[in-house]
Amino acid sequence: HRPSLGRDDAPVTIVEVSDYQCSFCKRFAEDTLPALKKEYIDTGKVRLVYKDLPLPFHKQATKAAQAAHCAGEQGQYWEMHDKIFANANNLDESNLVVYAKALDLDVTRFEACLGSKRHLAAIEKDIADARKAGLTGTPSFVIGKTTDDIIKGDVVVGAHPLSSFRDYIEKHL
């Protein structure tokens with residue numbers, strides 16, 4: 001039940017573990033993800049599942065993750081995801097509200113969600129799942145065959161170019 005791109009029945013799943021204040025995560029989101037989406041996600045070969053791993057020294061990353069999920073309640077998770085990474089140096093709460101306005105979200109509803117902290121439990125579960133899997137840095141990825149709820153596959157750490165992902169994806173196709 002995490003944000004995802006692509007078909008649920010795609011043969012390969014990539015689980016991304018990321019932090020909105022991580023410069024390497026930003027590089028992946030802006031440089032690699034669009035090409036990955038065009039070549040593999042949009043063609044039905046890959047599903048990308050996003051999990052949050054806000055690192056303790058990134059003080060605004062948790063609130064940014066909450067903002068993305070609050071935007072998701074209004075059908076704009078990925079739009080907020082992109083907006084947050086595009087503005088990764090300006091993630092205080094007032095700026096997150098500005099981004100919500102720019103996306104034409106219901107700002108009252110967005111602010112109520114952000115203040116409620118209702119997505120914190122899911123974010124904390126993502127953190128626990130990452131630790132259990134031995135993933136401590138961001139971005140980290142698990143690339144493998146699509147299964148119901150558990151992905152077993154290759155672990156890739158860091159912002160790699162599309163060519164690196166292509167090798168892992170093709171191996172599992």
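Of the 173 residues in the chain, 49% are buried in this predicted model. The radius of gyration of the chain is 15 Å, which agrees with the value near 16 Å that a compact globule of 173 residues would have, and the C-alpha trace spans about 45 × 30 × 30 Å along its principal axes. Where contacts between residues at least 6 apart in sequence are considered, 75% of them join residues at least 24 apart.

The secondary structure consists of seven helices and five strands, and these elements follow one another from the N terminus in the order β-β-α-β-α-α-α-α-α-β-β-α. Strand S4, which comprises residues 140-145, is mostly covered, with five of its six residues buried. S4 is paired in the antiparallel sense with strand S2 (residues 12-18) over six bridges, and within this pairing serine 140 of S4 is the bridge partner of valine 17. An antiparallel pairing also joins S4 to strand S5 (residues 153-157), in this case over five bridges, with valine 142 standing opposite valine 155 of S5.

Among the helices, H4 (residues 93-102) and H5 (residues 107-116) pack with their axes 10 Å apart and at an angle of about 145°, and their crossing is right-handed. To this contact H4 contributes Glu93, Leu96, Val97, Ala100 and Lys101, while H5 contributes Val107, Phe110, Glu111 and Leu114. Classified by residue type, the contact of H4 with H5 contains six nonpolar and three charged residues, and no polar ones.

How values were computed
Residues are numbered from 1 along each chain as its sequence is written. This is a predicted model: local features need pLDDT of at least 70, side-chain atom pairs count only at pLDDT 80 or more; totals for chains, interfaces and linings use all residues. Side-chain values use heavy atoms; hydrogens and water are left out. Buried means under 20% relative accessible area, exposed over 50%, partly exposed in between (1.4 Å probe, protein chains only). Helices (H or I, at least four residues) and strands (E, at least two) are DSSP runs, numbered from the N terminus. Two strands pair if DSSP finds at least two bridges between them. Axes are lines fitted to C-alpha atoms, for helices over the stretch in contact, and angles run from 0 to 180 degrees between N-to-C directions. A crossing is left-handed if the near helix is turned anticlockwise from the far one by less than a right angle, and right-handed if clockwise. Contact means heavy atoms within 4.5 Å. Ala, Val, Leu, Ile, Met, Phe, Trp, Tyr, Cys and Pro count as nonpolar, Asp, Glu, Lys and Arg as charged, and the others, Gly among them, as polar. The radius of gyration is taken over C-alpha atoms; the globule rule is 2.2 Å times the number of residues to the power 0.38.
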